[in-house]
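Please keep the sequence and the structure in view while reading.

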Amino acid sequence: MASAPFLLCFAAAAFPCLLLRGDEPAAPRDSSAAEQLGWHLATKAYTFRDITLLETIEISRSLGVADFEMNPGQRLSKENPVKTDQTLAPELREQIKSAFQKAAVRPVNFGVIKLTHDEAADRKIFNLARDLGIRTIVSEPDADAFDLLDKLCEEYGIDVAIHNHPQPSHYWNPETVLAAIKGHSSRIGACADVGHWTRSGLDASDCLRQLEGHIKTLHFKDVNDDKKDVPWGSGKTNVRAMLDELHRQGFKGVFSMEYESAAGDALLDALRQSIVYFDTEARRIAR
């Protein structure tokens, strides 16, 4: 992690001018225990939806988070505010790849984005994922999309992870996800949004147990009684129990940090607290 100071001034009102505090040398993040477990933190671009992708990549680097989940609604840059979705021109895809490589950050997931039974439209999404080296597309597919997704997942070597928004969305509980993927490619599984389960009145650890063997990736968060995001370990989602359950399952994969309840320095502070909590728990489990 770089220790030199730098300033990011954001156009959005929620981020009027945010100093990523590098004026005092910071100890590099020790993610060795998490890596030993096969656990990888990722920055979720939706957390920074009010700023641009290029700015968010720099934030991810500054936090010591080497993996990244892109969001189709995020804008590319202040100079070129196009959406970072499947409509990106080839030269902009190369610009994004270069930005990720320069920051030593890896784009691993993309979503949440709609997949349907329209093969031409779905191929555009899979082509973007292939061009950027993305391994998992996060989606809430139409019910009639799965036969086509079987074909595309195998052809491209890319996974699809079904995301759960809160009740009454279609995939709000694990039973619906399991029913949807039954009989389909092993490349199709779940994106476990643990906070949305809590918001729907479900026990997140129990939901993880139900999805054992089918979890491709996670949108990881902790929420309080008001259903607001809070630093991990301080809410009611029982992060420790979830991590223990994922370790029991032998899960290896990406934990995308999604946070929707703060902005500016308060958001960065909450993310830093969550990272410290995650790394501390990983060390406990690895021992």
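Val112 lies in the loop between S5 and H4; helices (H or I, at least four residues) and strands (E, at least two) are DSSP runs, numbered from the N terminus. Gly111 and Val112 are joined by a cis peptide bond, with omega about 10°. The model is a predicted one, in which local features need pLDDT of at least 70, side-chain atom pairs count only at pLDDT 80 or more, and totals for chains, interfaces and linings use all residues. Residues are numbered from 1 along each chain as its sequence is written, and side-chain values use heavy atoms, with hydrogens and water left out.

A cis peptide bond also joins Gln167 and Pro168, where omega is about 15°. Pro168 belongs to the loop between strand S7 (159–163) and helix H6 (174–181). Lys227 is not a glycine, yet it has a positive phi of about 65°. The loop that holds Lys227 runs between strand S10 (222–223) and strand S11 (229–230).

## Packing of H4 and H5

Helix H4 (residues 119–132) and helix H5 (residues 146–156) pack with their axes 11 Å apart and at an angle of about 30°. Axes are lines fitted to C-alpha atoms, for helices over the stretch in contact, and angles run from 0 to 180 degrees between N-to-C directions. H4 is therefore roughly parallel to H5, a term for angles under 35 degrees; those over 145 count as roughly antiparallel, 65 to 115 as roughly perpendicular and the rest as oblique.

H4 passes H5 in a right-handed crossing, meaning that the near helix is turned clockwise from the far one by less than a right angle, whereas anticlockwise is left-handed. In H4, the residues that meet H5 include Phe126 and Arg130, and their partners in H5 include Leu152 and Tyr156; contact means heavy atoms within 4.5 Å. This contact has six nonpolar, one polar and six charged residues. Here Ala, Val, Leu, Ile, Met, Phe, Trp, Tyr, Cys and Pro count as nonpolar, Asp, Glu, Lys and Arg as charged, and the others, Gly among them, as polar.

## Packing of H2 and H3

The axes of helix H2 (residues 53–63) and helix H3 (residues 90–103) come within 9 Å and cross at roughly 15°. H2 and H3 are therefore roughly parallel to each other, and H2 passes H3 in a right-handed crossing.

Leu53, Leu54, Ile57, Glu58 and Arg61 form the H2 side of the contact, and they meet Gln95, Ile96, Ala99, Phe100 and Ala103 in H3. By class, these residues divide into seven nonpolar, one polar and two charged.

## The surroundings of His40

His40 is part of strand S3 (residues 39–44). Although His40 and Val65 are 25 residues apart in sequence, their C-alpha atoms are 8.4 Å apart in space. Leaving aside residues up to four places away in sequence, His40 touches Glu35, Asp67, Gly253, Val254 and Phe255.

## The second largest pocket

The second largest pocket holds about 280 Å³ of space. On a 1 Å grid over the protein atoms alone, a pocket is an open set of points where a 1.4 Å probe fits, with protein on both sides within 12 Å along at least five of seven lines, and lining residues have an atom within 4 Å of a point. Grid points are joined across faces, edges and corners, and a volume is the space filled by probe spheres set on the points.

Of the 18 lining residues, Ile215, Lys216, Phe251, Lys252 and Gly253 are the closest to the centre of this pocket. Strand S5 (106–111), strand S9 (215–220) and strand S12 (253–257) each supply at least two residues of the lining, and S9 gives the most, with three. The lining has four nonpolar, nine polar and five charged residues.
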